[in-house]
Amino acid sequence: YRGLTLVLTFLCYTSYHLSRKPISIVKSQLHPNCSALGPNPRNNSNSSTWCSWAPFDGDNYKELYGALDNAFLVAYAIGMFISGIFGERLPLRYYLSGGMVLSGLFTALFGLGYFWDIHVLWYFIIVQVCNGLVQTTGWPAVVACVGNWFGKGKRGLIMGIWNSHTSVGNILGSLIAGVWVSSAWGLSFIVPGIIIAAVGIICFFFLVEYPEDVGCSPPLHHDAGGVTSNEKDPEAVTSNEGPLSISGQSSADRSDSPKEPAEEPKAISFLGALRIPGVVEFSLCLLFAKLVSYTFLYWLPLYIVNVGEFSGPARRERAWQGEHLLTLPLSLAAHFGAKEAGDLSTLFDVGGILGGIFAGLISDYTGGRATTCCVMLVVAAPMLFLYNHVGQNGIGTSIAMLIVCGALVNGPYALITTAVSADLGTHESLKGNAKALSTVTAIIDGTGSIGAALGPLLAGLISPTGWNNVFYMLIAADVLACLLLARVVVKEIRGWCGCIARKRGYVRT
C-alpha cells in the first residue's frame with residue numbers, strides 16, 4: 001500500500017506539472033518570425049505578423065505573455081490558501097481526483113481556442129485563472145496522502161526522491177507539447193489535459209488515503225516520550241513504520257494510534273495552523289526560495305534562445321555597461337536553436353532532483369530540516385554570483401554550474417514543500433490530530449506561490465537596467481530566505497547541544 005501510494009501520488013503531481021508546461025512551449029508559436037516563412041499568402045499588408053495568433057500578433061506580445069503567466073500564478077497563490085481548508089474537510093481521494101479532472105478540462109479549453117478560432121485575450125486569461133484555482137487541489141492532497149503513510153524517520157529521503165515528479169512533469173510536458181506545437185498547437189494543451197484527467201480517474205479508484213482504511217497501523221510521527229524532531233526521532237520511528245507492525249510497538253504507542261472512530265478530530269483552522277511552531281518561518285522562507293526557482297524556470301529557456309544575437313564585440317560592449325545574461329554564455333548560446341536551448345535548460349531541473357534527494361538525506365541523518373535549508377541557501381548565493389561571471393567560460397562550465405545552481409536553489413524548495421510541510425502538519429503540538437496536514441501544506445506552498453509570481457515579474461522589470469541587477473535580486477532573495485530561518489536554526493542547534501550534554505552526563509554517571 002505504501003508503494004501504491006507513492007506511485008499514484010507521483011503520477012498525479014507529474015501530470016499536474018505536465019499540464020502546466022505547454023504554455024511555455026507554445027509561446028514561440030503564438031508570435032513566430034513570420035518573415036522567415038515567406039510572403040503572406042493572404043496579401044495582408046502586415047507581412048511581419050501574418051502568421052501570428054491574434055491577440056498575440058502585436059508588439060506588446062511579451063506583456064500579454066506575462067499577463068497569461070501571472071493570471072495562472074496569482075490565482076494559484078490565492079487559491080492555495082483556501083485549498084488546504086477544503087482539503088481537510090473533504091475526502092482527499094474525491095478532492096484530488098475532482099481537481100485533476102477539472103484541471104484537464106481547463107487545460108483542454110485553452111487548446112480548443114485554436115480549433116474554435118478564438119482571438120480574444122480575455123478567453124485565455126479566464127481559462128488561466130480557472131486552471132490556476134483548480135490546480136491548487138493537487139499539492140496539499142498528495143503531500144497529505146504521503147504524510148499519512150510515512151513516519152518522520154525516513155520522510156526526508158523518501159520525499160526528496162518522490163519530489164522529482166516536478167522535474168519529470170516539466171520534461172514530459174515539454175516533449176509532449178513539442179510534438180504538435182508547429183502543426184496544431186491546440187493539441188499541445190488538449191493531450192496533456194486528457195492525460196491529467198485520466199490519471200485523476202485512476203486515482204479515484206485506487207488511492208488509499210489512510211493506513212487505517214485498509215487495516216494497517218499508522219506511522220509514528222513522534223515517540224511516546226515526547227522527544228522532539230531534533231533528537232532521537234528517526235530511531236524511534238524506524239521500528240514502527242511497517243504496515244501492521246506490532247512487534248516493538250509499546251502499549252503507549254498503540255494507545256496514541258487514532259483508531260477510535262468515535263472521537264474523530266476536528267479539522268484545524270487557518271489561524272490554528274499558523275500557530276504551529278515553524279509554519280510562519282518556513283512559509284516566508286519558501287516565498288523567497290520559490291522566487292529564485294521560478295525566475296530561472298520562466299526566464300532560462302527564453303534567454304538561451306535570445307542571447308545568440310549578442311556575440312563578439314556586442315557582448316564585450318554590453319559587459320562594460322554592466323549587463324550579464326541570466327543563462328548560458330553568449331558565445332555558446334549562439335549555437336543553440338529553440339529545441340536545443342530547451343533541452344539544455346532541463347539541466348537546472350536535473351540539479352533540482354539531485355538537490356532535493358541530497359537535502360532530504362542530510363536532514364534525515366541530522367534531524368535538522370531548517371539547518372539543511374539554511375546551509376544550502378548560504379552556499380547558493382555565491383554560486384549564483386559565480387554563475388553570472390564564470391558560467392561563460394565553456395560549455396562544460398555552463399553545464400556544471402547549471403546543475404550545481406539547480407541543486408542549491410531547488411534543494412531547500414523541495415525539502416520545505418515536502419518533508420517540512422509533512423513534519424509541521426503532524427507536529428507534536430497537535431496531539432495526534434492528522435487533520436492539519438493539508439492546511440499546513442497549503443499555507444506553506446501558497447506563501448511560496450506568491451514568490452513564484454513575483455520572481456518572473458521582478459526579473460522583467462529589473463532586466464532593462466542590466467542583468468547584474470537581476471542576479472543581485474536573486475542573491476538578496478536567497479539571503480532573506482536564509483535569515484528568516486535563523487530562529488528555527490538556533491532552536492535546532494540548541495537541541496543538538498542539549499542532546500550531546502545529556503549523553504555526556506549519562507556517561508559520567
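1. Let's begin with Asp 364 and Arg 369, whose side chains form a salt bridge with an N to O distance of 2.9 Å. Please keep in mind throughout that the model is predicted. Asp 364 is buried, at 11% relative accessibility, and Arg 369 is buried too, with a relative accessible area of 6%.

2. How many salt bridges are there by this rule? The count is four, and the pair Asp 364 and Arg 369 is one that meets in such a bridge.

3. Next, have a look at Lys 290, which forms a salt bridge with Asp 445; their closest N and O atoms are 2.9 Å apart. This pair links distant parts of the chain, with Lys 290 in helix α13 and Asp 445 in helix α19 (residues 437–462), 155 residues apart. Are the two partners buried or exposed? Lys 290 has a relative accessible area of 2%, so this residue is buried. Asp 445 is likewise buried, with a value of 3%.

4. Because Glu 281 lies in helix α13 (residues 279–306) and Arg 487 in helix α21 (residues 486–508), the pair ties together parts that are 206 residues apart in sequence.

5. Do check the surroundings of that last pair as well. Glu 281 is buried, with a relative accessible area of 13%, whereas Arg 487 is exposed, at 53%.

How values were computed. Residues numbered from 1 in each chain as written. Predicted model: local features only at pLDDT ≥ 70, side-chain atom pairs only at ≥ 80, totals over all residues. Heavy atoms only, no water. Helix = DSSP H or I, 4+ residues; strand = E, 2+ residues; numbered from the N terminus. Buried < 20%, exposed > 50% of the residue type's maximum accessible area, 1.4 Å probe, protein only.
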